Amino acid sequence: QVIHRLPMPNLKDELHCAGWGPACGCFDGGAAAKRTKLVLPCLISSRIYVVDVGSQCRAPRICKMIEPVDVFWKCNKGYLSVTHPLPNGDVLVANMGDAAGHGKGGFVVLDGETFELKGNWENECEAPPTGHDFWYQPRHNVLVSSAGMVPRVAGRGFNPDDLKKGVFGRRLNVWNLSCRSLTQCFDLGEDSLPLTVRFLHSPEAAEGYVGCALSGAIFRFYKSCEANNWAVEEVIRIPAKDVSGWIMPKMPAFIADLVISQDDRFLYVCNWLHGDIRQYELSRSCKPRLVGQVFVGGSILRGGPVTVCRDEELKCQPEPLVVK
């Protein structure tokens, strides 16, 4: 039953990923101890909404708007993607490009109390070519961010010819959290497009995973034996399927999202194009083991326009699932 609707005042925002600002996990007390505000960055317009969900939790309302021109002028950033609260209570928002839509990674910061735009987060250093998602582990003084796409090109729609033109990112970036500087970069391969970054939940854990949308690979990143150095290794690869009736002859496993269970026992993978949710057991974090799989949609269901000609995993195309 719908009990409330909050109409957004602008068109063509593309609300992408919501985040708490600040959250109960922040170090500071006061406002940081309650989840009363929701931060909504916009992927296309570069606008930021702050929604009050504390005053009336059953009737959220917009309490602040940061206009794109402020983001452009103050930060020279745009195309905002993912937001997370920082340990000090401020709010960090990743971006994919600059004001003109050229690829430019990095972050903008909002004040955790007033939600005023404070400016860029990173110190003067080489900006990654693109950006998308990030997460951090304060006890290891590290922030890890992924790549994205060049907005002005990718925004026109998917074109297979762009695969060889550097439109899609391929880097995983490691930052010094306290110094706000880029310390390491890993090339995850041509047309990999690393998107979702997840650390294990344990605050002592020095490892996590990143899902690559186009290559179908999941990499584990971890702190190596060398002091303050990190390493990556491929631990999962979901094979592409040979198909007909689609835009390309091979349909990749487009990994759209990752979720790690709160007890760090399982990794859940959203295989968006193929349409399945996968469950991997993490007793050996370097060798995740597939223990569950369910198809809830996707483009290869039986009776649809796409025919699977060759499949390394399935013997037949899955039946459509009706959710009651």
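Modeller: Of the 324 residues in the protein, 50% are buried. Here buried means under 20% relative accessible area, exposed means over 50%, and partly exposed lies in between, with a 1.4 Å probe and protein chains only. Please note that this is a predicted model: local features need pLDDT of at least 70, side-chain atom pairs count only at pLDDT 80 or more, and totals for chains, interfaces and linings use all residues. Residues are numbered from 1 along each chain as its sequence is written, and side-chain values use heavy atoms, with hydrogens and water left out.

Biologist: How many helices and strands does the protein have?

Modeller: There are two helices and 23 strands. Both are DSSP runs numbered from the N terminus: helices are H or I with at least four residues, and strands are E with at least two.

Biologist: Why is the protein described as being as compact as a globular protein of its length?

Modeller: Its radius of gyration is 20 Å, close to the 20 Å that the globule rule gives for 324 residues, so the protein is as compact as a globular protein of that length. The radius is taken over C-alpha atoms, and the rule is 2.2 Å times the number of residues to the power 0.38. Along the principal axes, the C-alpha trace spans about 55 × 50 × 40 Å.

Biologist: What share of the contacts comes from residues 24 or more positions apart?

Modeller: Such pairs account for 47% of the contacts with a separation of 6 or more. A contact means heavy atoms within 4.5 Å.

Biologist: Which residues does Ile 62 contact, for instance?

Modeller: Leaving aside neighbours within four places in sequence, Ile 62 is in contact with Leu 6, Pro 7, Met 8, Pro 9, Tyr 49, Val 50 and Val 51. Ile 62 lies in strand β4, residues 61-66, and is partly exposed at 26% relative accessibility. The C-alpha atoms of Ile 62 and Met 8 are separated by 8.5 Å, although the two residues are 54 residues apart along the chain.

Biologist: And where is His 201 found?

Modeller: His 201 is in the loop between β13 (194-199) and β14 (207-212). Not counting residues up to four places away in sequence, His 201 touches Ile 260, Ser 261, Gln 262 and Asp 264. At 36% relative accessibility, His 201 counts as partly exposed.

Biologist: New topic: how many disulfides are there?

Modeller: A search of the whole structure finds zero disulfides, a disulfide being a pair of cysteine sulfur atoms within 2.5 Å. For Cys 17, the nearest cysteine sulfur is that of Cys 42, 11 Å away. Cys 17 is partly exposed, with a relative accessible area of 28%.

Biologist: Is Phe 115 buried or exposed?

Modeller: Phe 115 counts as buried, at 5% relative accessibility. Its place is the loop between β7 (107-110) and β8 (117-120). Phi of Phe 115 is near 65 degrees, a positive value in a residue other than glycine.

Biologist: What is phi of Glu 14 near?

Modeller: Phi of Glu 14 is near 60 degrees, a positive value in a residue other than glycine. Glu 14 lies in the segment before β1 (19-20) and is partly exposed, with a relative accessible area of 42%.
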